[in-house]
Amino acid sequence: MSERQGQAPLFEALCRHNEKNTCNLHIPGHRQGRCIPEGLMSLDNKALFSLDLTELSGLDDLHSPSGPIRLAQELAAGLYGADRSFFLVNGTSAGIHALLVATVGEKQVVVPRNAHRSVLGGLVLAGADPVYVTPELMPEFGLDCGVAPAAIRAALENNPAAAAVLAVSPNYYGVTGDLQGYAEAAHRADKPLLVDEAHGAHLRFHPALPEDAMACGADAAVQSTHKLGGSLTQSSVLHLQGQRIEQQGVAAALRLLQTTSPSYLLMASLDLARRQLALRGKGLLDQALELAYGLRQRLSIIDGLSVLSPERLPEGSSLDPTRLVISVRRLGLSGYQVQQMLAERYRVYVEMADSAHVVAIVSIGAVRADCEGLARAMEDISFRERKTEPIPFIAPPDSFIVLMKPREAWFAKFRQVPLDEARGRISAETIAVYPPGIPAVNPGEEITVDVINYLTAVRKMGLPCHGPADPTLKTISVVVE
């Protein structure tokens with residue numbers, strides 16, 4: 001046996017990271033246990049592991065709940081204003097997949113272009129035909145700020161056979177779209193509104209935050225409770241309300257798509273996170289908002305930085321103030337460069353970076369030292385690293401040509417061709433800079449000059465991508481026609 005089998009590289013890396021004195025402004029929202037729900041926090045390691053059980057008598061069955069799981073889900077539904085809620089142990093992705101399979105199938109669905117890659121997975125699984133709508137952009141920041149309700153109305157008028165409308169709110173930058181406008185547009189056409197609300201599990205619990213999807217009239221919303229609600233990673237909840245979506249159809253889709261060995265630790269963390277938000281949510285968010293406002297003010301006066309504020313958003317959109325979007329373009333640095341400096345030089349870890357921004361999350365588990373560490377680090381970077389010229393924006397192509405359904409392209413024969421020879425071919429894969437994960441091209445779409453130019457720029461900058469078979473982006477998978 002190889003001596004290497006005595007190693008545990010992932011476990012060892014996690015232990016080394018936890019030995020550092022770090023500032024943490026990222027998900028999961030419990031901040032490495034600081035704001036984990038009380039029931040879990042009170043257990044020592046052995047007692048915690050003793051909860052890692054299976055479908056024993058009295059412990060219920062996630063796929064056919066009639067006991068404590070059913071009651072826990074009913075409590076979640078009552079708290080969020082839903083008619084029915086489902087615990088998810090395969091993350092929000094499983095909920096998105098189930099909604100598309102259950103409500104859309106092989107029909108059309110109106111989808112924003114900035115949808116998470118889990119939506120593509122749902123389109124492939126369901127065989128659905130996407131009708132893309134393009135979000136509006138904020139000129140100074142180059143970020144999407146939601147789709148205009150008029151664009152959704154037009155998409156439904158031009159595609160009356162569409163089975164549903166899917167929205168992303170909040171997006172990765174904390175921007176919520178005009179959900180009430182989306183709901184009105186969808187319901188006028190008698191279509192359900194499905195909301196990817198992965199980043200919004202906390203919104204309902206403080207008046208200073210944007211309204212959540214259920215309050216705005218959505219028919220379904222899927223939330224990553226682990227991101228900002230305090231549960232363990234990979235645990236989420238799917239909420240339904242109204243009569244436009246068949247509850248049993250969604251339940252059947254979840255039985256098909258979720259694991260048959262659900263983690264009781266994940267489900268228990270959802271139950272306890274719900275209780276914590278119900279009893280202490282406003283108080284915890286009071287603290288988070290105080291820290292976030294103070295950090296926002298301090299960052300806003302640093303030379304070379306711009307911090308996204310609600311005044312920059314179009315009417316109907318809102319901003320989650322616990323999420324700080326910091327433009328570093330005027331430093332002459334990319335967001336990726338700044339993120340790397342923060343981690344390696346200052347031991348400050350933020351949620352994400354893109355070509356022009358870093359994003360920090362002040363969650364319910366954040367502490368003042370986290371915010372102080374980021375502020376000091378950004379002051380030092382501005383003083384030591386600022387360049388004379390701002391970096392240019394690099395944005396995904398704003399147009400696309402769909403030639404095949406995603407499912408058809410996904411299962412078609414394909415081959416690799418050099419990227420610079422792929423013009424006019426049909427992509428067999430998705431390629432998205434991640435985060436935030438907005439696709440440059442999806443399966444079934446034409447590879448245009450704009451796509452090639454963008455991916456070439458991405459390759460030169462060394463930006464991280466999800467989806468391509470060739471991570472160097474020298475080649476791309478195309479459908480064999």
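Helices (H or I, at least four residues) and strands (E, at least two) are DSSP runs, numbered from the N terminus. The structure described here is a predicted model: local features need pLDDT of at least 70, side-chain atom pairs count only at pLDDT 80 or more, and totals for chains, interfaces and linings use all residues. Residues are numbered from 1 along each chain as its sequence is written, and side-chain values use heavy atoms, with hydrogens and water left out.

An open sheet is built from seven strands. Their order is β2-β11-β10-β9-β7-β3-β4, and the pairing is mixed. Two strands pair if DSSP finds at least two bridges between them. The edges are held by β2 (84-88) and β4 (129-133). Each has a single partner strand, so one side of each is left without a neighbour in the sheet. On average, neighbouring strands of this sheet are turned by 20 degrees against each other, direction ignored.

Within the sheet, β3 (residues 108-112) and β7 (residues 164-168) run parallel and are joined by two bridges. Valine 109 has alanine 164 in β7 as its bridge partner. Helix α7 (residues 149-158) lies across β3, β4 and β7. The helix runs at about 145 degrees to β4. Axes here are lines fitted to C-alpha atoms, for helices over the stretch in contact, and angles run from 0 to 180 degrees between N-to-C directions. Contact means heavy atoms within 4.5 Å.

A helix pair was examined next. Helix α5 (residues 91-103) packs with helix α10 (residues 247-257) at an angle of about 125 degrees. Their axes are 8 Å apart. The two helices are therefore oblique to each other. Angles under 35 degrees count as roughly parallel, over 145 as roughly antiparallel, 65 to 115 as roughly perpendicular and the rest as oblique. The crossing of α5 and α10 is right-handed. A crossing is right-handed if the near helix is turned clockwise from the far one by less than a right angle, and left-handed if anticlockwise.

From α5, the residues Ala94, His97, Ala98, Leu99, Val101 and Ala102 meet Gly249, Val250, Ala253, Leu254 and Leu257 of α10. By class, this contact has nine nonpolar, two polar and no charged residues. Ala, Val, Leu, Ile, Met, Phe, Trp, Tyr, Cys and Pro count as nonpolar, Asp, Glu, Lys and Arg as charged, and the others, Gly among them, as polar.

Backbone geometry was also considered. Most residues other than glycine have a negative phi, and most peptide bonds are trans. The bond from isoleucine 27 to proline 28 is cis, with omega near 0 degrees. Proline 28 sits in the loop between β1 (23-25) and α2 (38-41). Serine 169 and proline 170 are likewise joined by a cis peptide bond, with omega about -5 degrees. Proline 170 lies in the loop between β7 and β8 (175-176).

Aspartate 60 is not a glycine, yet has a positive phi of about 75 degrees. Aspartate 60 belongs to the loop between α3 (45-49) and α4 (68-80). With a relative accessible area of 11%, aspartate 60 is buried. Buried means under 20% relative accessible area, exposed over 50%, and partly exposed in between (1.4 Å probe, protein chains only). Leucine 473 also has a positive phi, near 60 degrees. This leucine, leucine 473, is in the loop between β21 (465-466) and β22 (475-479). Leucine 473 is buried, at 3%.

Serine 363 lies in the loop between β17 (357-361) and α13 (368-385). Serine 363 counts as buried at 6% relative accessibility. Neighbours within four places in sequence aside, serine 363 is in contact with Gly29, Leu228 and Ala288.
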